[in-house]
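User: I would like to learn how to read the features of a model like this one. Please take them in turn, with the general idea before the case.

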Amino acid sequence: MGKTNKNNLKNKLHEIIYEADTPAGKLFDIVLLIFILASIALVMLESVSWIDDKYHDILYIGEWIVTILFSIEYIARIITVNKPKKYILSFYGIIDLLSTIPMYLSIFVVGSNALVALRALRLLRIFRVLKLARYLGASNHLSSAIKASRAKISVFLFAVLIASIIFGTLMYLVEGEEHGFSNIPKSVYWCIVTLTTVGFGDIAPQTPLGQLIATIIMIMGYGIIAVPTGIVSAEYTKNANKNDIDKDSKAEKIHLNSQTCQNCLSTKHKDEAEYCYNCGHNLHIE
């Protein structure tokens, strides 16, 4: 009987923590979102010196409250799945850990000579921003579009690198050391800065021919910036159309929910699914 009650409690917690289709699951997600945003606000406010000087104790206590709550959440996510290691080594598992441990590490890293290390540890708390990613459904489409575009973007970047080397070498020959183009690597650096329309201004061509070449590079830069955007946008649109749900046709409608398999953590199960499509585990164990 005790084991059954324990399993029921585990299943109930799993439903609350990992599901968003139930009232309890929705409430849990909303509360977690509020604490994530609050923790981000605390980190930002703490970086403002006058605010930290005036309200340091309040911010410190707030950080500990958020850290303890996130620690409880992290432990709960581990104990409510059948394969804890899979969650711990997953993207969200690593982010959850990185966003929690800095406050605990700061207890052991003490002393004036460790202040720099403490600041670095505190910066790790910004990983809490990435905890928001699990609530952004559109991020899956964007991720798929970027993955599908990686070959085209790689070819594009390689072409830009070749163009930068060619134009950089040409500017080295035209301008020379007397105008700041002392070597080819530095000239290539100038070309990349100009091509990306950043324009630091630390090096500038002085000869009419060099200025003409610089003008051509700057005009090319505006066209080049649009290329990767267009590639990703095209793939994003393609993926969106592929996964688009026809709301007017029940035959084409795909009903997916937020059900997460307790055994393998797979998601995107159909509403009527009784078992996980990945491992066959029962999705509705009471």
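User: How many salt bridges does the structure hold?

Analyst: Side chains of opposite charge can pair when their charged atoms come close. A salt bridge here is a side-chain nitrogen of Lys or Arg within 4 Å of a carboxyl oxygen of Asp or Glu. In this predicted model, the structure holds one salt bridge. The side chains of E73 and R77 form it, at 2.6 Å from N to O. Both residues lie in helix 3, four residues apart, which is about one turn of the helix.

User: Are E73 and R77 buried or exposed?

Analyst: Buried means under 20% relative accessible area, exposed over 50%, and partly exposed in between (1.4 Å probe, protein chains only). E73 is buried, with a relative accessible area of 6%. R77 is buried as well, at 3%. The C-alpha of R77 is 9.1 Å from that of I88, eleven residues away in sequence.

User: Where is E63, and is it buried or exposed?

Analyst: E63 is in helix 3. Its relative accessibility is 1%, so it counts as buried. E63 and V43 are 20 residues apart along the chain, and their C-alpha atoms are separated by 8.3 Å. V43 is one of the buried residues of helix 2.

User: How is the length of helix 2 read?

Analyst: The expected span of a helix is 1.5 Å times one less than its number of residues. Helix 2 (residues 23–46) has 24 residues, and from its first C-alpha to its last it reaches 35 Å, close to the expected 34 Å. Its buried residues include G25, D29, L32 and E46.

User: Which residues make the nonpolar surface patch?

Analyst: Patches are made of residues with over 30% relative accessible area and no salt bridge; like charges are joined within 9 Å, and nonpolar side chains (Val, Leu, Ile, Met, Phe, Trp, Tyr) within 5 Å. Accessible areas come from the Shrake-Rupley method with a 1.4 Å probe, and for residues, only the protein chains shown count as cover. In this chain I61, I65, I68, L69, I72, Y104, I107 and F108 make a nonpolar patch of about 780 Å². Helix 3 (49–79) and helix 6 (101–108) are the elements that give two or more residues to the patch. The largest share, five residues, comes from helix 3. I72 lies in helix 3 and counts as exposed because its relative accessibility is 51%.

User: What is T194 in contact with?

Analyst: Contact means heavy atoms within 4.5 Å. T194 lies in helix 9 (residues 184–195). It is buried, with a relative accessible area of 9%. Leaving aside neighbours within four places in sequence, T194 is in contact with A214, I217 and M218.

User: What stands out about the phi of T197?

Analyst: T197 is not a glycine, yet its phi is positive, about 60°. T197 sits in the loop between helix 9 and helix 10 (208–242). At 36% relative accessibility, T197 counts as partly exposed.

User: How many helices and strands does the chain have, and what share of it is buried?

Analyst: The chain has ten helices and zero strands. Buried residues make up 33% of its 286 residues. Of the contacts with a separation of 6 or more, 57% are between residues 24 or more positions apart. The accessible surface of the chain is about 17,800 Å², and 68% of that belongs to carbon and sulfur atoms.

Methods. Residues numbered from 1 in each chain as written. Predicted model: local features only at pLDDT ≥ 70, side-chain atom pairs only at ≥ 80, totals over all residues. Heavy atoms only, no water.
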